[in-house]
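Good morning, colleagues. Please bring up the structure on your screens, and I shall guide you through a few selected places.

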Amino acid sequence: MQINGLGTATSASPANHDQATTPDHDFDWDVFAHYELLEETIGAVLNGPGALLEGPSGVGKRTLAKAVMRKLQDRAFIVDLEHPERHQTSMELAGKLRRMEGLGEESRYRELGVVKTLLDSRAGGRHVVIFIPAGLRLGTSSISFLSSLTLASSISLLCIAGGQDGAEPGTGNDLGSTVDLHPVRLYPMTLGMAHDLLAKSLGAEISRTATYQLWCASAGQIHMLAAVAHDWREQGYLEFAEKSWVVHGVAGPPGPRSRGLVVQKLRRLSMPEQRVLRILAFSEEIPLSLLVALNPGQAVDSVYSEGILEIRGKYARKVRLRGGLSGQCIAEDTAPGLALELLGQMRNTPGADGVLTPLVLLKWEQASGIDSGARLRLQAAEQAVAEGQVELCLQILAALDDPPLEARLLALEAAVRGGQLERAREMRSLLLHELGEGLPAPGVLDHSNGPIDLIRLELASLELDSLRRGSPNDAFRQGMERVRAEIDARYSSEPGNRTDLLALRGKLDLMEVETNFRLGERFALDGATYIHPLLGKQDQLRWQCFQNLHSVRRGEVREGVRRGRELLFSLRQESLPSAVGQSIKLHLVNLYLLSGEWKSAVELIDAAWVGGEESPRITDVNGLYSSLNSVLGGRPREALELIAVEIEQLRTMDTAGNLPLAIAAAAVAASYLDRETAERYLAELDVLPTAADWESGQAVAMLRADALFHLGNVDEAIASLLAGATESAAHGDLSLELAQRMSLLRMGHRKDDPQLLDCAKRIDGPVAELVAALVRSFEGSNSDLQREVLSALRGLGHPSFADSIEVMFARSGSGITSTPRTTTSESRGAPMGVSGRSSANSVLSLLTRRQRMIVAEAATGASNREISDRLQLKIRTVEGHLYQIYQRLNVGSREALIQIFLDATSGSGMESDIGGRST
């Protein structure tokens with residue numbers, strides 16, 4: 001029987017939520033975590049030959065076995081073969097098992113009677129349970145002997161199988177395959193399980209950020225989770241704030257207990273297996289082929305079977321430690337001499353150059369006792385900030401004894417990017433005092449400080465000032481023009497600085513596109529390309545993300561979303577840090593939210609992948625998105641509980657300025673449930689400073705208006721939305737203006753229908769097309785068309801809007817009523833009726849010509865083999881294309897894919913566009 005390793009919260013006594021508890025004294029982690037399995041295992045032990053505990057290493061097989069023995073200590077006679085020295089009977093049985101291999105069959109039969117009589121006499125009528133740990137080596141005769149013992153109804157076995165990942169029940173070891181033991185399967189903890197366990201044990205809610213950090217630090221193992229939580233509490237890193245547990249940083253420090261547990265696990269492995277883990281701890285992630293070249297294949301296989309290795313990617317096979325198994329602890333436990341030996345082996349292995357990035361090389365050299373130079377430290381810090389690891393960058397730079405000017409400028413840029421504004425202002429003041437203000441004239445080279453450093457300082461100052469609330473946009477634009485002119489002038493007059501000046505020009509363009517979006521300004525393309533020729537890999541991704549956001553903002557919704565989806569799926573071919581991949585995933589979510597495709601946003605928020613690879617769900621990591629998921633799903637009480645915890649976390653640490661957004665979201669959720677709570681959140685929102693990010697400020701205003709509307713303050717809500725729509729129109733943000741005017745229509749404000757229609761007509765997107773059709777249908781009172789449009793809007797994730805429009809027309813006496821239809825088109829979020837064909841066409845436009853040809857063949861009912869014959873492709877190529885098509889179009893079956901094709905080709909002659917069939 002396969003059951004998850006964690007039971008339900010109702011299985012244990014309810015926690016007292018008025019105060020925090022101490023997890024390792026007031027709470028039994030093992031019994032709670034394995035409650036259902038505990039009862040199942042006890043039943044198997046008392047009523048049969050015994051139980052076999054199976055599962056990967058670290059899921060708690062041994063702790064479950066100990067919990068079973070604690071529960072049975074008054075009802076059964078326990079013979080513990082893990083610690084035979086603690087009990088006379090256990091010692092005698094262990095000795096007989098060791099001598100069993102040298103005995104003949106007749107002697108073994110006599111010993112069987114002796115042992116059974118001995119156990120019966122000492123058990124005193126109780127059931128006998130023999131505990132056999134995973135590490136106990138048993139020969140064929142010993143296994144046969146124990147199997148014969150279980151024939152007696154009063155004797156059973158409690159056995160732990162080996163930790164083989166993916167092993168089938170009953171195949172964990174030879175004893176399990178010989179004796180008919182009841183298999184009990186345990187699985188690693190997921191993030192959701194860890195959250196439930198922590199909330200129950202700590203006696204109060206815990207933020208998603210804290211849960212995620214604890215889960216990573218404990219590698220998803222129950223005993224480590226308890227130890228790490230205790231360590232972080234002792235260090236003051238995990239604290240109780242009003243109603244929930246929160247953390248004080250973006251990455252928790254490994255505590256003494258968790259460090260000891262990791263080292264203990266390392267010591268249990270053989271030397272070749274330890275080398276595998278040490279190489280991974282330093283390198284973080286390397287090609288599987290390189291890992292096998294550096295180590296014996298048997299050692300790699302053995303470590304993988306222990307469940308502590310993870311292979312990533314479907315194309316470029318990479319390998320890393322599973323679940324964040326504290327590589328820092330393993331690295332710190334490695335002796336300098338061994339680290340130096342492993343580094344030398346790494347450098348001398350072909351293909352290792354791409355693995356030894358500055359960050360990885362710095363970690364290797366520090367562990368090897370090498371005093372890394374300032375150049376390598378600077379390169380490592382630059383890599384860290386490019387990957388978004390701001391804290392790591394600042395830590396590396398802080399370790400420099402006498403940091404050069406370049407290091408201090410980099411620290412300023414990192415602090416600005418990480419939202420550490422006070423720290424950044426202090427750094428800027430010191431640099432301005434040292435360098436002075438103003439730039440030397442172009443061509444003047446006798447200035448004490450190079451013009452490159454001064455321009456970098458000027459750029460960082462401009463970005464820092466743009467983050468200040470209420471900063472004037474004109475000042476930023478004028479500053480950008482001044483710096484751009486300065487770079488152009490120096491490029492002509494200073495040939496020796498041209499490489500650095502080109503790099504600054506790329507950084508200037510990136511800062512402009514990013515800051516313009518944050519300030520709500522239009523981004524003038526002026527021939528700017530989607531691929532920037534002056535930016536590196538990580539900055540190139542940021543450039544493309546902001547290009548997509550600007551596209552959606554100015555109404556090019558289909559283009560922006562298409563590029564965002566391509567960017568996410570292209571990560572399969574890339575080797576990017578997990579933080580970068582997660583940021584791209586968030587980017588596509590934001591594109592869906594801005595474009596009004598809320599159903600797609602919700603599905604991606606709850607998806608456990610990034611570009612085809614496993615990753616944490618956004619709902620598990622980010623409380624804001626968790627509550628958004630609940631709000632859009634019509635679960636306000638759940639949303640309010642989630643966002644209340646996240647607000648406490650943001651009060652402790654809010655570098656991104658998300659606190660006003662969280663409080664506004666809480667006000668909306670509370671407005672459905674409790675007026676007093678909603679008004680309290682609105683009052684707090686009114687005294688908070690406005691968000692520096694223009695888009696966030698508009699979102700806060702929209703949420704505030706929504707809460708006011710639900711509380712009955714209709715006029716104030718409409719006035720706020722009208723002001724916001726006017727401001728969005730002035731900024732050229734068509735997508736946001738459409739959302740605000742849709743909210744006005746939902747609230748019954750019909751005076752601005754012409755402006756809503758004009759805005760929708762200027763946007764190329766499915767939601768805008770439907771809204772335009774809806775407004776036009778008002779003129780002729782076309783109920784059938786309205787019904788189809790509202791049903792399609794529900795399919796895109798707008799059930800609340802559709803319901804409000806139906807109620808509005810019902811009150812006006814027009815008689816429009818509609819029931820959401822469960823059709824294939826709606827289930828995948830495709831608009832029906834008036835715009836169904838154009839929406840299906842836009843979906844198929846995401847595919848290449850070859851992929852569209854494969855879809856056309858599949859629509860005829862052809863099998864993969866028939867498609868490969870007709871198109872003269874290998875069958876694996878067809879299968880690979882179909883996999884990419886399913887992912888790109890977000891469909892899960894061949895039938896749904898064929899339906900999209902039929903919708904697109906119905907009466908449109910699209911087969912000619914596809915290129916016909918290749919037979």
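The model is predicted: local features need pLDDT of at least 70 and side-chain atom pairs count only at pLDDT 80 or more, while totals for chains, interfaces and linings use all residues. Residues are numbered from 1 along each chain as its sequence is written, and side-chain values use heavy atoms, with hydrogens and water left out.

Let us begin with V128, in strand β3, residues 127-132. Strands here are DSSP runs of E with at least two residues, and helices are runs of H or I with at least four, numbered from the N terminus. V128 has a relative accessible area of 0% and is therefore buried; the term means under 20% relative accessible area, with a 1.4 Å probe and protein chains only. Contact means heavy atoms within 4.5 Å. Beyond four places in sequence, V128 touches F77, V79, L119, A123, S154, I155 and S156.

Three strands form an open, mixed sheet in the order β6-β8-β7. Its edge strands, β6 (205-206) and β7 (238-241), each pair on one side only. Two strands pair if DSSP finds at least two bridges between them. β7 and β8, residues 244-247, are antiparallel over four bridges, and F240 has W245 in β8 as its bridge partner.

Which helix lies across β6, β7 and β8? It is α10, residues 208-217, at about 60° to β8. Helix α32, residues 636-652, also packs on the sheet, and its direction makes about 35° with that of β8. Axes are lines fitted to C-alpha atoms, for helices over the stretch in contact, with angles from 0 to 180 degrees between N-to-C directions.

Finally, R377 sits in helix α19, residues 374-386. Leaving aside neighbours within four places in sequence, its contacts include L362, Q366, D371 and I396.

Note on methods. Buried < 20%, exposed > 50% of the residue type's maximum accessible area, 1.4 Å probe, protein only.
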